[in-house]
Amino acid sequence: MTTDAPPALPYAHIRVVEFTHMVMGPTCGLVLGDLGAEVIKVESIGHGREGDATRQLLGAGAGFFALFNRNKKSLALDLQTPEGKEAVLRLIATADIVSENFKPGTMAKLGLDYATLKKLNPRLIYVSHKGFLPGPYEHRTALDEVVQMMGGLAYMTGRPGDPLRAGTSVNDIMGGMFGAIGAMAALAQREKTGLGQEVQSALFENNVFLVAQHMLQFAVTGQPAAPMPERISPWGIYDVFQVKDGEQIFLAVVSDSAWKLFCGLYGFADLLADARLQSNNDRVRARDWMMPALRERMAAFSAAEIAAVFEAHALPFAPITRPHDLLHDPHLLATGGLAPMTLPDGRPAQTVLLPFTMDGQRPGLRLDPPRLGEHSAELLRELGYGDAEIQALMLLNK
């Protein structure tokens with residue numbers, strides 16, 4: 001009897017060498033690694049450095065390394081030494097993609113910039129993740145919060161006069177995704193030309209893409225977009241309600257047929273018959289008095305009761321959920337959206353897989369987030385180093 005082997009992942013033949021830290025660069029490697037690429041994370045050690053600094057972050061950064069560095073191998077080298085530099089050049093000679101997200105000029109100082117490396121390997125694809133694409137701002141130091149403030153996203157998220165960053169690293173993560181998309185496009189083009197190229201992705205330009213819908217709103221209407229808490233909703237009911245026992249739930253009634261259904265379910269015959277509320281646009285114009293009336297009526301029900309009614313009749317709703325509650329979300333658990341993994345310190349955890357399926361399966365976990373230098377000996381041996389040379393290099397790195 002034979003069994004069909006699982007299909008090879010699309011980038012199983014691709015080797016990625018990454019010089020990355022924080023979120024943006026590691027996200028690019030995460031995407032490529034989840035899709036099958038062999039991703040080798042070169043971590044700089046010596047001279048006070050102990051690998052990717054996110055290994056030691058606290059607070060809001062405590063999950064960075066564990067999330068963005070699965071399906072990767074760790075090679076720890078002192079890149080300031082000739083021996084470490086030689087080892088990494090040997091590794092890059094075997095690579096399809098190099099990815100980095102250090103400050104402009106850092107890789108050039110190490111002799112690991114694209115202009116240098118393409119002479120050694122014209123087929124190399126080099127992905128740079130920066131704060132800004134080349135231009136007047138490229139010398140600035142950027143962070144996700146910096147570009148959210150200067151790129152209109154914080155203005156749109158907060159209330160007027162109170163700019164507020166989004167509650168996750170949206171530009172870092174999405175910027176890394178665009179770096180991966182650029183690498184994929186470059187791989188496809190290399191099939192035609194035989195040559196690699198440099199791909200650049202940047203936080204600021206990513207943020208501008210995120211707010212582009214509001215820029216085009218102004219182009220179309222001539223009216224500046226209002227911050228989300230103050231925007232004129234295109235829907236009559238599209239808001240968070242505080243209901244019984246102080247619970248909250250988001251409810252949406254976005255069509256005339258849904259409005260008739262909603263009013264029928266809750267016995268709001270007077271609202272259904274009100275001439276001022278006959279169309280969605282009527283209800284948008286009536287929000288100033290309609291919403292307080294609806295909030296008072298819906299406050300008699302619990303969030304669970306409302307959710308059951310809305311779900312049974314295919315009306316949009318959402319509980320107000322905290323991120324850690326999602327570790328127990330029944331849909332994620334049932335559909336394989338979460339996967340068990342082991343943290344570098346040996347503790348078990350659940351991680352979140354990429355949000356799409358291929359042939360019905362989410363790209364999964366092949367390698368846990370690595371311990372610092374976990375694969376150094378294995379990789380150096382593959383590059384032709386003997387045991388004595390590996391031992392000497394390891395001692396040199398300490």
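Helices H8 and H9 are roughly perpendicular to each other, a class that covers angles of 65 to 115 degrees, whereas angles under 35 degrees count as roughly parallel, those over 145 as roughly antiparallel and the rest as oblique. The model is a predicted one, in which local features need pLDDT of at least 70 and side-chain atom pairs count only at pLDDT 80 or more, while totals for chains, interfaces and linings use all residues. Residues are numbered from 1 along each chain as its sequence is written, and side-chain values use heavy atoms, with hydrogens and water left out.

Helix H8 spans residues 170-193 and helix H9 residues 203-210, and the two pack at an angle of about 100° with their axes 9 Å apart. Helices (H or I, at least four residues) and strands (E, at least two) are DSSP runs numbered from the N terminus; the axes are lines fitted to C-alpha atoms, for helices over the stretch in contact, and the angles run from 0 to 180 degrees between N-to-C directions. On the H8 side the contact (heavy atoms within 4.5 Å) involves Val-170, Asn-171, Asp-172, Met-174, Gly-175 and Phe-178, and on the H9 side Leu-203, Asn-206, Asn-207, Phe-209 and Leu-210. These residues divide into 6 nonpolar, 4 polar and 1 charged, where Ala, Val, Leu, Ile, Met, Phe, Trp, Tyr, Cys and Pro count as nonpolar, Asp, Glu, Lys and Arg as charged, and the others, Gly among them, as polar.

Strand E7 (residues 198-202) contains Ser-201, which is buried at 6% relative accessible area; buried means under 20%, exposed over 50% and partly exposed in between, with a 1.4 Å probe and protein chains only. Leaving aside residues up to four places away in sequence, Ser-201 touches Met-24, Ser-128, His-129, Lys-130, Leu-133, Gly-175, Phe-178 and Gly-179.

Side chains of opposite charge can pair when their charged atoms come close. With a salt bridge taken as a side-chain nitrogen of Lys or Arg within 4 Å of a carboxyl oxygen of Asp or Glu, the count comes to 23. In one of them Arg-70 meets Asp-34 at 2.7 Å, N to O. This pair links distant parts of the chain, 36 residues apart, with Arg-70 in the loop between helix H2 (64-68) and strand E4 (72-77) and Asp-34 in helix H1 (residues 24-34); both residues are buried. Arg-285 and Asp-282 also form a salt bridge, with their closest N and O atoms 3.0 Å apart, and because they lie 3 residues apart in helix H13 (residues 280-285), about one helical turn separates them. Here Arg-285 is exposed at 61%, while Asp-282 is partly exposed at 22%. Glu-374 and Arg-371 are joined at 3.8 Å between the closest N and O atoms, and salt bridges that share partners bring Arg-15, Glu-38, Lys-73, Glu-378 and Glu-382 into one network.

The count of disulfides, by contrast, is 0, a disulfide being a pair of cysteine sulfur atoms within 2.5 Å. Cys-28 is buried with a relative accessible area of 0%, and Cys-263 is buried at 2%.

Most residues other than glycine have a negative phi. Met-22, though not a glycine, has a positive phi of about 60°; Met-22 lies in the loop between strand E1 (15-19) and H1 and is partly exposed at 35%. Asp-245, again not a glycine, has a positive phi of about 60°; Asp-245 is found in the loop between strand E8 (237-242) and strand E9 (248-253), where Asp-245 is exposed at 69%.
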